[in-house]
Amino acid sequence: MTDFLPEPDNSGNHGGSPPSYHMSPDEFRRHGYALIDWLASYMETVGERQVMPDVKPGDIAASIPMTAPEKPEQFEELIGDLDKVVMPGITHWQSPGWFAYYPAMTSGPSILGELVSAGLGVQGMLWETSPAVTEIENRVTDWLVDLLGLPETWKNKTGPGGGVLQSSASDATHLVHVVARERATALQKGRPEFVAYTSVQAHSSVEKGAHVAGIEHYRGIDVDENLSIDPVALQEAITADRAAGLTPLIVTSVLGTTGTAAVDPIAEIAKIAKDEGLWHHVDAAYGGSAMICPELRYLQEGAELVDSYTFNPHKWMFTNFDCNVLWVSDRTSLIDAMSITPPYLKNEASDSGEVIDYRNWQVPLGRRFRALKLWWVLRSYGAEGIRYHLREHVRLTKAIAERVEQHEHLALTAPIHFGLVCFHHSSGNEATEALLKEINQVPNIYLTGSSLGSKRFIRLSTGSTSTTAESVKQLWDIIDQAATA
Ligand code: PLP
């Protein structure tokens with residue numbers, strides 16, 4: 001029979017301690033302190049770094065051996081490689097000069113929450129597998145219902161809706177397409193040909209979500225002059241699809257489109273969705289965070305009428321990727337679509353019906369302790385702190401927009417609602433491209449461009465944790481000079 005002790009030596013003794021390859025708690029403490037110091041120095045110096053790395057494809061991989069090490073390495077060497085191997089290939093998203101895409105914020109409380117979550121190493125798939133994971137997530141998503149001015153009935157505590165943290169807005173949007181399909185299929189004989197609708201300006205995840213959910217048809221609906229979905233065009237598309245024997249299934253409104261941060265008229269779409277029996281989802285991945293400011297909530301008027309709503313604290317709420325909130329107004333259809341219970345997951349708490357098992361609110365089984373970092377961000381900043389910084393971003397965005405409007409060579413491309421200014425050179429696409437290139441010559445600044453039809457424009461997105469009035473002013477001076485030259 002196999003002994004529990006290590007193999008005996010020649011004299012029959014069971015020898016000394018067996019070798020251990022684990023990092024001891026003392027070593028962990030030492031390296032952990034060193035890495036926190038390293039990260040704090042990174043935060044202090046990120047603004048001085050060139051935002052975009054100077055590497056060619058394959059450069060970073062070339063400095064890593066082709067095969068994994070057989071022998072353990074000293075952890076000091078690993079830390080040393082952060083500067084030697086990793087940093088040369090890092091794009092500095094946390095730089096105060098980062099104005100590209102949308103923000104992917106992080107912050108001290110969030111990083112520390114992430115660290116503890118990894119250290120505890122728990123799975124929160126069932127209430128029983130770590131009650132704190134579920135109950136903190138219940139409470140934090142309920143807090144956010146109040147903070148964003150959403151309906152009381154979306155709270156886990158009061159229901160019938162509820163909130164859950166998932167990895168991304170794309171996952172949440174995909175999921176609700178599946179849930180809408182399951183709900184509708186249960187009501188029909190046979191399998192109809194479904195149609196999903198959203199604005200032509202919606203994020204590609206809506207089309208992908210519909211596709212992955214097996215929805216047969218996808219319609220990108222035209223937008224008006226504000227780049228918001230045109231409700232008349234939506235109604236016409238639904239009517240035409242019904243006439244063609246198809247079954248309209250789901251419509252997604254967007255609160256802050258990816259290209260230009262446009263806002264769809266949620267209340268008008270909600271009316272169409274109700275009359276037509278469609279699931280109505282709101283993709284507030286970017287704009288949702290701003291709803292913590294009551295003066296901006298008019299933008300989501302009608303949200304209380306929708307079936308589901310998703311937003312990304314990992315974009316504009318100081319919480320590092322990944323952290324996405326999904327609310328459903330009625331949790332039953334979500335749970336019905338996602339529940340399969342094998343015998344090894346059965347337990348008393350679940351059977352009691354008194355707890356939430358979040359594995360039934362998502363596709364994967366396993367789930368990490370995401371709520372900790374969000375809980376710490378909300379407590380450490382307070383709603384007041386988050387509002388203060390978001391309002392600052394919006395104020396600085398308006399300051400840039402006013403200057404663009406007054407500039408003799410520049411023009412705004414789209415209305416401003418949040419922290420994004422879209423602008424172009426009045427001489428046309430070539431001049432806009434040249435301007436973007438010229439601005440991005442400055443090493444510690446980075447912006448990206450996009451298109452509306454054939455029109456090229458520059459996206460200037462404020463909202464890094466490190467964005468300051470100085471960094472925005474510095475950027476404006478660079479834009480002004482480049483556009484005037
Ligand atoms: N929806 C909108 C409006 C977005 O702007 C984005 C990303 O920029 C997404 C969805 C996708 O977000 P995620 O990366 O969380 O899937």
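A polar contact is a pair of N or O atoms within 3.5 Å; within protein, one atom must be able to donate a hydrogen and the other to accept it, and residues adjacent in sequence count only if both atoms are side-chain atoms. In this predicted model, local features need pLDDT of at least 70 and side-chain atom pairs count only at pLDDT 80 or more, while totals for chains, interfaces and linings use all residues. Residues are numbered from 1 along each chain as its sequence is written, and side-chain values use heavy atoms, with hydrogens and water left out.

A polar side-chain atom of N312 lies 3.2 Å from an oxygen atom of the ligand. For the side chain of T258, an N or O atom is 2.8 Å from a ligand oxygen, and for the side chain of S170 the corresponding distance is 2.5 Å. The protein covers 87% of the 390 Å² of accessible area that the ligand has on its own (areas come from the Shrake-Rupley method with a 1.4 Å probe; for residues, only the protein chains shown count as cover).

The shell around the ligand holds 13 residues, the closest being A169, S170, T258, D283 and K315; a residue is near a molecule or strand if one of its heavy atoms lies within 4 Å of it. By type, the shell divides into 3 nonpolar, 8 polar and 2 charged residues. In this division, Ala, Val, Leu, Ile, Met, Phe, Trp, Tyr, Cys and Pro count as nonpolar, Asp, Glu, Lys and Arg as charged, and the others, Gly among them, as polar. Helix 6 (169–187) and helix 10 (313–316) each supply at least two residues of this shell. Helices (H or I, at least four residues) and strands (E, at least two) are DSSP runs, numbered from the N terminus.

Helix 10 also contains H314. This histidine counts as buried because its relative accessibility is 5%, where buried means under 20% relative accessible area, exposed over 50%, and partly exposed in between (1.4 Å probe, protein chains only). Not counting residues up to four places away in sequence, H314 touches P103, A104, M105, S167, S168, T319, N320, F321, D322, C323 and N324; contact means heavy atoms within 4.5 Å. Two of these neighbours, F321 and D322, are joined by a cis peptide bond with omega near 5°. D322 itself sits in the loop between helix 10 and strand 7 (324–328). A cis peptide bond also links G159 to P160, with omega about 5°, and P160 is placed in the loop between helix 5 (131–147) and strand 1 (162–166).

The loop between helix 3 (75–86) and helix 4 (108–120) includes T106. With a relative accessible area of 17%, T106 is buried. Its contacts, leaving aside neighbours within four places in sequence, are Q94, I111, F318, N320 and T465. Y101 is found in the loop between helix 3 and helix 4 as well, and its relative accessible area of 42% makes this tyrosine partly exposed. Phi of Y101 is near 40°, a positive value in a residue other than glycine.

A positive phi, near 60°, is likewise found at A261, again a residue other than glycine. A261 lies in the loop between strand 4 (247–254) and helix 9 (266–276). At 1% relative accessibility, this alanine is buried.

Beyond its neighbours within four places in sequence, Y42 is in contact with R49, M87, I90 and H92. Its C-alpha atom is separated by 28 Å from that of V421, 379 residues apart along the chain.

Strand 9 (residues 420–425) is largely enclosed by the rest of the structure, because 6 of its 6 residues are buried. Both of its faces are covered, with L420, C422 and H424 buried on one side and V421, F423 and H425 on the other. Strand 9 pairs with strand 8 (residues 410–412) in the antiparallel sense over 3 bridges, where two strands pair if DSSP finds at least two bridges between them. In that pairing, L410 stands opposite H425. Strand 9 also runs antiparallel to strand 11 (residues 455–461), joined by 4 bridges, and the bridge partner of V421 in strand 11 is L460.
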